[in-house]
Amino acid sequence: MLAEETGQKAEDKNSISSLVTTAAYGGYAAILLDAPASSSLASNAVMSANTWVLVARPTLADAWASVDALRTVTQRAAGQHRIAPGNIFVLLNMRGSGMLSPNEWHQAADSACRKLGLATGFPPVAAVIPFVPGVPLSQDAGRPVLDSDDEFARPIHGLADMLFGGTGPADTRNKSGGRKFSLAGLTVKVKG
């Protein structure tokens, strides 16, 4: 069980906050925390973050839940931790035909934000990942999902480029037979 699930304090050695800080000082370019909203891990992950990608489905129910999550992070937790509004992005996941368009979804969320008095409005939709039937099949077969379909992978690569500033990992072999690639302006070397 994770430290936060057992009630450890943020300053404890094995807390999410401490692990993120240690990893950042260790030279990691990015530290991703995938936390389900229904767990206590979610609030600890947000408290350790400097960027937030809010993942939602293109439904009115998820628009409302996203507004509530945004309000929690920007108002209720603002005295404890603040993620700059420019570092909050939305990813619409599993969009299929007949569902809300990204503009319709954003208008619904933005309207709810303004009615609740959130002055900044709702953050932009940074990427839309379509529902692709081959993705769950790849997961079930143990294959990497990014290899399953270009329509699925393209928006994920675009989001990564936007967040980490680059054109993706350009993989090259170095003289010692290892690999070398760039990620977020850093050159990463992996011994062969």
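Ser66 is found in helix α3, which spans residues 60-76; helices (H or I, at least four residues) and strands (E, at least two) are DSSP runs, numbered from the N terminus. The model is predicted, with local features needing pLDDT of at least 70 and side-chain atom pairs counted only at pLDDT 80 or more, while totals for chains, interfaces and linings use all residues. Residues are numbered from 1 along each chain as its sequence is written, and side-chain values use heavy atoms, with hydrogens and water left out.

Ser66 has a relative accessibility of 3% and therefore counts as buried, where buried means under 20% relative accessible area, exposed over 50%, and partly exposed in between (1.4 Å probe, protein chains only). Leaving aside residues up to four places away in sequence, Ser66 touches Leu54, Ala56, Trp105 and Phe122; contact means heavy atoms within 4.5 Å. Helix α3 also holds Asp62. Asp62 counts as buried because its relative accessibility is 15%. With residues up to four places away in sequence again not counted, Asp62 touches Ala56, Arg57 and Trp105.

Strands β2 and β3 run parallel and are joined by five bridges; two strands pair if DSSP finds at least two bridges between them. The bridge partner of Arg95 is Pro130 in β3. From β2 the chain passes through helix α4 (residues 102-115) to β3, in a β-α-β crossover that is right-handed. A crossover is given this hand if, with the strands pointing away from the viewer, the path from the first strand over the helix to the second runs clockwise.

Helix α6 comprises the 15 residues 150-164 and reaches 20 Å from its first C-alpha to its last, close to the 21 Å expected at 1.5 Å a residue. The expected span is 1.5 Å times one less than the number of residues in the helix. Phe152, Ala153, Pro155 and Leu159 are buried in α6. Seen down the helix axis, the buried residues of α6 fall within an arc of 165 degrees, so they line one face of the helix; the arc is that of the directions from the helix axis to the C-beta atoms. These buried residues pack against β1 (52-56), β2 (88-95), β3 (125-130) and α5 (134-141). Asp150 and Arg154 are exposed, on the face of α6 turned away from its buried side.

The N-terminal end of α6 is capped by Asp149, with a side-chain oxygen 2.7 Å from the backbone nitrogen of Glu151. Just after α6, Gly165 takes a positive phi of about 60 degrees.

Key: Polar contact = N/O pair within 3.5 Å; in protein donor to acceptor, adjacent residues only side chain to side chain.
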